[in-house]
Amino acid sequence: MVLSRSEILTYIQDGRLRFTPAVPSERIAQVSIDLLLGRKFTTFKKEPPAYISAIHVDPSLWESADLWDFYEGERFRLEPGQFVLAQTLEEVTIPNDLVGLVEGRSSFARIGVTVHVTAPKIDPGFQGHVTLEMTNFGSMAVELRAELDQPAQLMLIRLTSPIASPDLYGAGENDIFQYQNDPIPRGKKRS
């Protein structure tokens, strides 16, 4: 069951669903919470070293300084055809009886910007900034504005039964996105 506005507000008031900084009630719609764009952006380098002819999706991908450029600021210009990993301003904590789905907002879709490519699920137990996989399929550049734009919305679905603590996201050593402070997992996890 997808949570309605009143249920979302109850989860927040009870401290079971947390946002840092707090989300004002005006950004909680009928069945979703509008999320602000954060200040961190990560792109593939425009010209990776010649010795990299292809990439593999394994842990070395996230740690390769030769692949990634990192930006932090108020604005990011997303050119037509460009892909960027951004993140939400809010750090989200999902309780053990909910799963989140991040979806793009229609205002961004109507100008050709996708907000997540294929990864909308936020697991129970997740805590961190939500990474947004954004691509501009439109014909004009789009200026993304940190702390102003609301490119994504979070919908919440109640599970048929809560997840036990040992099975929550973040309990396993392979849960590399837990506590992420950057659009890609780098650095040490919180303990």
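Predicted model: local features only at pLDDT ≥ 70, side-chain atom pairs only at ≥ 80, totals over all residues.
Entry 1: Next I looked up how much space the largest pocket holds, and the volume came out at about 430 Å³. I then asked which of the 20 lining residues are the closest to the centre of the largest pocket. They turned out to be Ala 119, Thr 131, Glu 133, Phe 177 and Gln 180.

**Entry 2: who supplies the lining.** Which elements give two or more residues to the lining of the largest pocket? I found strand S9, residues 121-122, and strand S10, residues 127-136. S10 gives the most, with five residues.

**Entry 3: over to Arg 75.** I moved on to Arg 75, which I found in strand S5, a strand covering residues 75-78. Is Arg 75 buried, partly exposed or exposed? I noted it as partly exposed, because its relative accessibility is 48% and that class lies between 20% and 50%.

Entry 4: I set aside the neighbours within four places in sequence and listed what Arg 75 is in contact with: Glu 143, Leu 144 and Arg 145.

**Entry 5: one distance.** Last, I checked Arg 75 against Asn 96, which is 21 residues away along the chain. Their C-alpha atoms are separated by 35 Å.

Key. Residues numbered from 1 in each chain as written. Heavy atoms only, no water. 1 Å grid on protein atoms, 1.4 Å probe; cavity = no way out; pocket = protein on both sides within 12 Å on 5 of 7 lines; lining within 4 Å. Points joined across faces, edges and corners; volume = space filled by probe spheres on them. Helix = DSSP H or I, 4+ residues; strand = E, 2+ residues; numbered from the N terminus. Buried < 20%, exposed > 50% of the residue type's maximum accessible area, 1.4 Å probe, protein only. Contact = heavy atoms within 4.5 Å.
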